[in-house]
Amino acid sequence: MITIASPTEFPKHVSYHLPGSKHAFAHGIACAAIADEGRISNVPNIIDSHTLIDALRLIFNKVDHDLTTRRVAFSEPKHLDKIVLTQELVAKSRNLYCLLPALLNKTDLLIIEATPQGCQIGKRPTDWYIDTLVRFGVKVDYHETHIELRWEDKKSADIAFSYPTMTGTVIAIAAASLCLGKSTISNASVEPSCCEQLKVASKLGCLIEGELPEIVISQHSPNSVIDYEVPADRIAAVTVITAGLLAKTSVSVTSSDFVEVPEFIKFLNDLGFPSSQDKTCIKVDYSNRKSTACNLVLDCGSEPKFSSDWGPFAILLLATDSRGFSKLTDDVFPYRFQFLEHLPGQPLANVNVDISHKDGREITQANIFGRLMEKLPGGVSGLCPDIRGTAAIVLSAIISEKSVTITNDFQLCRGYENLIGDLESLNLLTVLEN
Ligand SMILES: CC(=O)N[C@H]1[C@@H](OP(=O)(O)OP(=O)(O)OC[C@H]2O[C@@H](n3ccc(=O)[nH]c3=O)[C@H](O)[C@@H]2O)O[C@H](CO)[C@@H](O)[C@@H]1O
Ligand SMILES: C=C(OP(=O)(O)O)C(=O)O
């Protein structure tokens, strides 16, 4: 249980250096783990990455993870008769799906004891993931208590997704990287972390033609050693910028690489906050806000749409510090906005959410009647089974009259290194009890 509150005074400006990205680590390792040896730097210290590193230990004799330097080095690959992804392991990260091709490459039999778990934000179907593996030659046996996978005969495949699935794309790229013939992947995800994975595949010696969302990929001259620096976390950038703006503070987020969030920068400019970006820094100016009036329509979903991961943060800003009527839709996750129900006292009566259907997809829509400087009551928060929703509840403490108590930080620790501690260091939050 953690109780947090807004400090008596906020700074005029904060600067935050971004950690490595949850998604880019998971997607990079999906291909890096195919190599005989790898060195990965800027690894985020989060439950999700730790779980993938535990899975890496199943297929490498040596795995050194240094939490201080944020480096992981692995070598001495094993070849095994059987690997088990236990219930305990799969309960901690849905990103284990990304590692399936690399794990199957090192074992005769892979047993998965339960479905890998992530945020509970609506149905998260996995049939395309398994089907993608099957298309590359994986054999699947379903049992009451577990599933068994075997990959005796690797064959290239032509995969066309009917919706640009992120995890499906990662699995297809990793599987294709292990096949000699040419595989085509189309209508794939264009999320920057998938592009990072392709860079790792290229270092691995794969031949890649085209660009996401349409690529042709094949194994070429396998490279046995991989170096990969995990790029900065784009969702952490959005989270900390939102925290600063809620505190009426100007924000700079820095990183060693370019953080690709063009849709979010556009959103900030539409909200009236002058925002600029160069290779290593995003700057958002609170003090020179141009206008508080905005009537936005934001469609969240598979990028290049506004990322579904940023939805809760956009709602908080629009609902508490804008004038006008805005609409946010999400065609991926119907419960992405569930944090609204878990905010202490459910205070945002100026936001209502409804669900409709279009082209066979469930679409959730938040209707936001903007208010200026809305203060929230605070209190004890309900349990929100979503990383970004829990983070939004943490941020709500910045604008709450009373303190906010988070009863369980498991979701937060899956995706953020130390969100509460970092915001406290920036003087945007005070921790009252931990
Ligand atoms: C496309 C998209 O926005 N993906 C988000 C999703 O990725 P994640 O990889 O978890 O989810 P997918 O991209 O695979 O799923 C996207 C959609 O594809 C469809 N689908 C997927 C797999 C399947 O077997 N069958 C099926 O129908 C579903 O409609 C699903 O809603 O969560 C991540 C964590 O929040 C976000 O960073 C990603 O941006
Ligand atoms: C939903 C998320 O992650 P996961 O897919 O691991 O649940 C997220 O990172 O916002």
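Q: Which residues are around ligand 2?
A: They are Lys22, His23, Gly118, Cys119, Ile121, Arg124, Asp309, Arg336, Ile387, Arg388 and Arg414. A residue counts as near a molecule if one of its heavy atoms lies within 4 Å of it.

Q: Before I go on, what am I looking at?
A: This is a predicted model, where local features need pLDDT of at least 70 and side-chain atom pairs count only at pLDDT 80 or more, while totals for chains, interfaces and linings use all residues. Residues are numbered from 1 along each chain as its sequence is written, chains are lettered from A and ligands numbered from 1 in the order in which they are written, and side-chain values use heavy atoms, with hydrogens and water left out.

Q: Ok, back to ligand 2. How far is arginine 124 from it?
A: An N or O atom in the side chain of arginine 124 is 2.8 Å from an oxygen atom of ligand 2. That is a polar contact (a pair of N or O atoms within 3.5 Å).

Q: What about aspartate 309 and arginine 336?
A: For aspartate 309, a polar side-chain atom lies 3.4 Å from an oxygen atom of ligand 2. For arginine 336, the distance from a side-chain N or O atom to an oxygen atom of ligand 2 is 3.5 Å.

Q: How much of ligand 2 does the protein cover?
A: On its own, ligand 2 has 300 Å² of accessible area, and the protein covers 96% of this. Accessible areas come from the Shrake-Rupley method with a 1.4 Å probe.

Q: Which elements give two or more residues to its shell?
A: Helix 1 (22-32) and helix 12 (387-396) do. Helices (H or I, at least four residues) and strands (E, at least two) are DSSP runs, numbered from the N terminus.

Q: How do the residues of that shell divide by class?
A: The shell around ligand 2 has three nonpolar, two polar and six charged residues. Asp, Glu, Lys and Arg count as charged, and Gly is among the polar ones.

Q: Which domains does it draw on?
A: Domain 1 (2-19 + 232-433) and domain 2 (22-229) each give at least three residues to the shell around ligand 2. The bounds come from an automatic or database domain assignment.

Q: Now ligand 1. Which residues come nearest?
A: Tyr129, Thr165, Thr167, Glu191 and Asp309 do, of the 21 residues around ligand 1.

Q: Where do arginine 124, methionine 166 and arginine 361 stand?
A: The side chain of arginine 124 has an N or O atom 2.7 Å from an oxygen atom of ligand 1. Methionine 166 also has a distance of 2.7 Å, from a backbone N or O atom to an oxygen atom of ligand 1. For arginine 361, a side-chain N or O atom is 2.9 Å from an oxygen atom of ligand 1.

Q: Where is proline 213?
A: Proline 213 is in the loop between strand 12 (207-211) and strand 13 (214-218).

Technical notes
A polar contact is a pair of N or O atoms within 3.5 Å; within protein, one must be able to donate a hydrogen and the other to accept it, and residues adjacent in sequence count only if both atoms are side-chain atoms.
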